[in-house]
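Trainee: Hi, I'm new to this one. Could you walk me through it?
Mentor: Happy to. Let's look at it together.

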Amino acid sequence: MMSSSFNIFRVGISFVMVCIFYKSSVDCLPELSSQKYFSTLQSGKASLAYFCQADSPSTSVFLEELKKAVKPLQDYGISVAKVNCVKEEASRYCGKEKDLMKAYLFRGNILLREFPTDTLFDVNAIIAHVLFALLFNEVKYVTTLERLQNIEDSLKGKANIAFAYVRAIGTPEHRAVMEAAFVYGTTYQFVLTTEIALLGSIGTEDIEYAHLYFFHCKPVLDLTQQCRRTLMEQPLTTLNIYRFIKSMEAPLLTEVAEDPQQVSTVHLQLGLPLVFIVSQQATYEADRRTAEWIGWRLLGKAGVLLLLRDSLEVDIPQQANVVFKREEGMPVEYLVLHDIDLVISHVENNMYTEEVREDEDDDIEGPDMDTLGIQDDEVAETVYRDRKRQLPLELTVELTEETFNATVMASDSIVLFYAGWQAVSMAFLQSYIDLAIKLKGTSTMLLARINCADWSDVCTKQNVTEFPVVKMYKEGENPVSYAGMLGTEDLLKFIQLSRISCPVNITSVQEAEQYLSGELYKDLISYSSVSVLGLFSPTMTTAKEDFTEAGKYLKGCVITGIYSEEDVLILSNRYTATLPALLLARHKEDKVESLPLANTHAQDIVQMITNSLLETFPEITVENLPTYLRLQKPLLVLFSDGSINPQYKKAMLTLIKEKHVDSLTPCWLNLKTTPVGRGVLQTYFDVLPPLPLLVVVNLHSGGQVFAFPSDQAVTEQNLLLWLKKVEAGLESPITILPAQEWKPPLPAYNFLRMMDAAASQHSSRKGPECVKETDVQENDKEQHEDKSAIKKEPTETLRIKHWNRSNVFKAEKSFRHDNKEL
Amino acid sequence: MGLSVARLWGSPGLLLTVALYLAHTLHPVQASTPPHRDYCVLGAGPAGLQMAYFLQRAGRDYTVFERAPGPGSFFTRYPRHRKLISINKRYTGRANSEFNLRHDWNSLLSHDPRLLFRHYSPAYFPDASDMVRYLGDFAARLGLHVLYNTTIAHVTLNKDRQAWNGHYFILTDQKGQPYQCSVLLVATGLSVPNLVDFPGSEYVEGYESVSVDPKDFVGQNVLILGRGNSAFETAENILGVTNFIHMLSRSRVRLSWATHYVGDLRAINNGLLDTYQLKSLDGLLESDLTDLAIVKDREGKFHITLKFYWEEGNQHADAITLPQDDSDNFAMRVAYDRVIRCLGWNFDFSIFNKSLKLSSVGEFSKKYPLVRGSYESKGSRGLFVLGTASHSVDYRKSAGGFIHGFRYTVRAVHRLLEHRHHGITWPSTEHPITQLTSSILRRVNEASGLYQMFSVLADVVLVKENATAFEYLEEFPTQVLAQLETITGKQARHGLFVINMEYGRNFSGPDKDVFFYDRSVGHTEDAWQSNFLHPVIYYYRHLPTEQDVRFRPADWPLPRPTAIHHIVEDFLTDWTAPVGHILPLRRFLENCLDTDLRSFYAESCFLFALTRQKLPPFCQQGYLRTQGLVGTESLRQHRVESGALQDHAAVDRHREDSYHGRVGHPQAPGPLVQPLHSNKEEL
């Protein structure tokens with residue numbers, strides 16, 4: 001759509017000649033020898049050239065971005081070229097070394113600026129920098145309030161100011177400001193800053209984002225007076241700035257005496273609504289003051305008009321004092337609002353749809369209405385793709401209203417509550433069936449399922465109103481809800497560990513020893529690497545109760561046992577524990593620890609046991625990451641392709657032992673077992689250094705990622721030194737993880753707008769609002785016949801509007817740009 | 001239909017009233033406090049019993065007063081020809097009992113599956129006596145407290161500051177026994193036949209007493225006044241034996257399949273339309289009944305003339321001008337043997353004392369008492385009208401005048417009372433926001449209350465702060481949406497969704513062609529033009545005000561929302577299609593709440609957890625709480641194929657191959673980076 005602007009054709013002509021030998025005329029970057037390049041430079045025309053060695057690779061990030069910048073820069077009459085330096089050539093622009101290549105900006109054959117390629121990091125940066133250099137006089141860069149004040153003072157009574165704060169030069173916001181300055185630079189004084197402090201002193205609180213203020217200095221005649229300021233509330237995009245400035249140009253208040261339905265101002269073209277303040281002769285002065293006040297408040301958000309009721313020919317409802325017109329062609333709303341704030345909030349609330357359309361506009365070239373129907377939920381998509389596969393559902397018992405109670409009473413059962421139409425529960429059903437296959441014929445636990453889409457009453461009675469839910473029913477016990485990962489392995493673990501009671505009652509010292517050695521539940525220790533044993537003397541009833549409660553809570557997560565026979569001292573002495581105590585048998589390490597348990601509540605016991613399950617240097621996996629994230633510490637991750645290098649492991653363990661990494665969660669990741677780790681690395685590194693890689697990820701505050709230099713040996717000393725530097729802030733992060741919120745991936749259909757469009761169409765066709773009884777039938781017929789015609793219209797209209805709007809801008813640009821060339 | 005309460009009193013009743021009134025005023029103290037009930041229900045018809053059921057389950061102090069010796073006495077006589085026109089669909093192919101209630105128009109709500117009407121009749125259009133038996137069982141099996149043979153003859157108001165509503169309702173039965181009630185629930189139905197007064201109306205037989213034996217009509221010319229179901233039911237019965245039947249009414253016939261209103265003429269009764277249009281002497285005429293006069297000739301036959309002629313004549317049969325004297329092709333120039341009045345029923349206002357301010361809807365409409373959208377009388381607080389008599393709220397729109405509709409509105413009233421007097425907030429469930437799409441889908445696919453009481457009762461989703469969770473309230477009366485907080489005891493501070501069911505605007509109506517070509521919509525982007533009943537979801541950033549509700553646009557069941565979504569109509573009323581129904585709904589909810597409601601496998605959440613500072617709600621509420629969705633190998637395979645997952649193993653190989661030649665250059669995004677992935681990047 002954009003490329004059809006005639007502007008491009010005109011400017012593009014000179015390039016077509018060059019490009020014709022190359023590729024399509026769009027996005028092509030002419031490659032010239034330096035001699036050729038300098039011969040093509042025209043006086044007065046700006047040109048950006050990237051000099052590089054002829055033998056250098058034909059692609060790089062920079063070149064990709066430069067290609068993208070070709071077209072937009074052409075729109076501003078700036079040509080772009082890649083100049084190949086031949087070896088023997090001694091042009092001063094050709095750098096001496098491969099990586100010292102630069103881009104140069106010329107006007108005619110005069111060099112304006114040189115840019116190291118790393119400042120031009122992407123297409124936005126390229127355009128922003130180039131325009132910034134060209135518009136050196138039009139855009140004043142300031143760093144102090146004083147300087148800003150001087151500019152403001154000097155322009156009072158003369159011109160208005162557009163003052164922008166961007167976080168950094170080269171950002172998309174900076175580009176947007178520069179593009180606006182290109183169009184409006186002679187009309188308004190543009191002032192730019194990157195100093196947060198400066199913005200803060202103007203009184204903005206939320207400085208995280210870019211800001212643009214319009215200083216109304218032209219009307220100020222008294223030099224001691226401040227210029228009135230209007231903040232642009234929309235995000236800084238080229239289109240938004242254009243609209244904002246356009247609305248600043250429009251008169252603050254217009255008086256009209258015609259049917260509001262017919263009134264149109266520039267605001268409507270800009271997609272802003274109109275607010276009519278209804279006035280009468282008698283109260284004219286006061287109304288006008290009110291309207292002006294509202295005008296200031298709504299500046300940039302809506303057009304404000306004063307509607308003179310007395311000289312109006314059409315009737316408007318008697319009590320209405322405000323008329324609201326959302327957009328051209330739509331019926332106006334008559335409102336009764338007795339408070340200025342109500343007027344303001346009415347407009348602001350109705351801006352909502354406006355924002356939605358903004359989104360549509362922004363990605364109009366990307367997803368249009370058709371893509372809304374493309375599934376972007378991976379779970380829904382995969383389940384749908386898998387719908388035709390026959391699952392061996394018969395391995396699980398399907399329950400119904402009639403069979404449910406009888407079944408769960410008759411035997412220990414696991415029940416999956418799912419809904420046939422809900423993708424997540426259908427995805428989990430597959431894991432459940434896999435589990436049934438694994439357990440086939442071995443488990444005493446009955447695997448059952450119930451489709452809540454059919455038996456919603458049963459599910460509601462079992463207190464299941466979300467899906468999926470897994471519950472375990474055991475005779476004489478309350479049903480237990482499963483709270484682990486929705487996958488085969490974790491559910492299997494839960495089922496297996498739930499076979500034994502929790503805690504298990506151990507009755508002899510010998511049995512306790514077997515329990516601690518893992519002999520007693522040999523088949524279960526693969527599911528729980530730790531066995532927990534509570535030791536109590538028979539009289540410690542409260543402590544025992546607390547422990548039993550904790551055990552129940554941890555049912556299915558870990559093996560717990562309790563010993564409180566008279567001879568408990570034998571055990572406590574053997575493991576040097578003071579009663580009441582907790583023994584933790586770590587089967588992998590063949591080690592038994594003891595922890596005192598005096599006056600510990602159930603909640604805290606649960607915490608103690610859960611913490612004891614955490615390893616000091618775990619292999620991080622998809623399943624266990626959440627448990628380690630709970631510690632809220634930055635992760636120190638060693639990415640390893642395959643199992644971990646013992647030397648590295650040793651170094652890490654030593655650091656851990658010496659308590660150097662207590663503020664971190666050290667762990668390692670095996671890319672063979674957790675292939676998604678590669679996706680993580682791709683985000684961290686543009687260029688992936690060889691593995692293994694050691695990285696600190698500060699997930700919980702700031703999102704910085706630090707990488708251990710790959711040229712250093714992984715030794716304790718080096719690691720420690722590096723970690724200290726990271727901690728001291730001496731290392732610079734390789735990347736900062738984005739902190740964006742998760743917004744809707746795509747817009748929704750705007751049915752309200754479609755309904756309004758259809759309604760206004762009807763009413764305009766029908767003429768006056770009230771239709772005589774006899775006419776109704778006729779009109780209805782007409783409606784039905786017309787339906788197919790109406791159907792497509794709303795989206796079409798939308799697009800046309802957008803097209804018009806962006807072309808207004810284009811046309812204006814090219815107009816202005818003609819001036820420049822002259 | 002409801003139950004009729006005594007009209008046995010003419011002047012003696014009046015005397016009784018005066019006597020009682022005197023007794024009260026003369027000896028206010030001496031009159032010992034009458035027996036007190038928190039809740040008094042008038043009438044043991046379907047609505048009264050339904051309310052009794054809810055009161056009983058909640059353990060409330062209540063009594064139902066019934067004139068007759070058993071429940072549902074209306075159905076012992078009506079309909080005269082005994083066939084109920086509410087459907088008793090016993091098979092739907094679905095197991096979901098809530099869904100099946102959508103097609104069971106006779107059962108009352110209870111926890112006992114034996115009390116479903118399908119156990120009482122195999123007929124699709126059951127016999128009225130089965131309804132009587134059913135209601136009898138309902139009252140008996142559930143042990144409802146009904147006082148039979150108790151005719152409440154008079155209801156007055158007794159001001160008392162202590163009372164819940166500032167006054168007590170004093171009910172007096174036929175023996176003069178008073179009862180004191182805190183809340184009065186009137187479920188007396190419509191019991192007074194609607195009479196039209198015109199000269200000669202004394203010759204007209206009423207539906208309530210006319211013979212139902214076709215033999216009595218053999219070879220007769222019959223004129224029926226009215227064009228509702230009772231009129232057509234009467235005609236249907238005698239169609240085969242009469243010479244012809246003419247039907248006369250003020251306005252054109254309204255066919256329920258065109259208006260989507262079950263109270264209009266049902267196809268099961270419309271045999272006469274067929275014979276009229278197939279030139280079989282029967283016919284329909286439109287004229288205002290109040291302009292008519294009936295003249296009886298010497299042979300006892302009836303002639304139709306105009307009141308105007310009758311008034312100017314000397315009122316002697318032979319002297320009155322007949323229309324055919326002026327216009328010899330007047331349609332009703334034949335003489336009739338019988339004239340039958342089938343004009344429906346009105347509410348019986350007579351037992352309510354003026355102090356109750358129980359007025360009718362309008363000067364000209366005495367059919368229904370005036371109630372608010374909450375079914376509470378506008379005149380006195382604490383007086384609610386239930387059942388058929390409460391139909392003014394949705395007359396000619398929804399099903400509130402019929403069992404399958406008012407069983408839900410009664411429940412809504414009960415929920416309101418539970419909060420008002422017992423501090424029990426409107427029942428609701430709270431869920432994490434990731435369950436929002438599911439919760440809505442579940443209800444639109446099974447809920448019967450929404451389906452029957454479309455545009456009158458709607459579900460409400462109250463969004464919690466920061467849109468991380470929501471509360472789901474079922475079947476709230478839409479007309480009192482503005483009072484939601486006081487009625488339910490819930491907070492609606494952070495926006496709300498209202499889930500409603502609607503027919504397409506302009507689709508229904510007596511003159512509409514509901515079979516026009518291309519009447520159904522299939523594309524999701526055209527969903528707003530859906531014609532058949534379909535779910536519509538309204539989003540409000542703030543709770544609408546009373547003003548908003550009252551001055552909502554014409555034809556809108558609810559005030560104009562911030563955004564609206566229509567789920568496209570479905571031929572099977574099964575709104576579970578992943579792309580056609582669920583996806584657009586999710587996009588709508590996402591855009592209202594400004595968040596991402598997609599679901600993700602644990603692996604994706606893992607990736608996000610390590611590469612972003614914030615996680616989508618699904619990962620936050622599932623994966624981070626160790627409840628991530630792991631998925632199976634075959635699903636994983638589908639993910640790779642669909643492009644949702646970058647096959648890291650494959651990238652691995654690819655990378656190793658290319659590593660040596662291209663050191664120092666970033667990995668170009670290969671073909672493995674696909675649309676889904678790029679969508680995420682755009683976030």
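**Where the chains meet**

Mentor: Between chain A and chain B there are 37 residue pairs in polar contact, both at pLDDT 80 or more. A polar contact is a pair of N or O atoms within 3.5 Å; within protein, one must be able to donate a hydrogen and the other to accept it, and residues adjacent in sequence count only if both atoms are side-chain atoms. Keep in mind that this is a predicted model, where local features need pLDDT of at least 70, side-chain atom pairs count only at pLDDT 80 or more, and totals for chains, interfaces and linings use all residues. Residues are numbered from 1 along each chain as its sequence is written, chains are lettered from A and ligands numbered from 1 in the order in which they are written, and side-chain values use heavy atoms, with hydrogens and water left out.

Trainee: How many salt bridges are there across the interface of chain A and chain B?
Mentor: Seven, by the rule of a side-chain nitrogen of Lys or Arg within 4 Å of a carboxyl oxygen of Asp or Glu. A:D756 forms a salt bridge with B:R560, with the closest N and O atoms 2.6 Å apart.

Trainee: And how is the side of chain A that touches chain B divided?
Mentor: Into 55 nonpolar, 26 polar and 24 charged residues. Here Ala, Val, Leu, Ile, Met, Phe, Trp, Tyr, Cys and Pro count as nonpolar, Asp, Glu, Lys and Arg as charged, and the others, Gly among them, as polar.

Trainee: How many residues does each chain bring to the contact?
Mentor: Chain A brings 105 residues and chain B brings 103, where contact means heavy atoms within 4.5 Å.

Trainee: Which way do strand 14 and strand 15 of chain A run?
Mentor: Antiparallel, joined by three bridges. A:V323 has A:Y334 in strand 15 of chain A as its bridge partner.

Trainee: Where is the other sheet's edge?
Mentor: For the open sheet with order 16-18-17-19-20 in chain A, the edge strands are strand 16 (397-398) and strand 20 (480-481). Strand 16 of chain A runs parallel to strand 18 (residues 446-451), joined by two bridges, and A:V397 stands opposite A:A448 in strand 18.

Notes: Pairing = 2+ DSSP bridges. Helix = DSSP H or I, 4+ residues; strand = E, 2+ residues; numbered from the N terminus.
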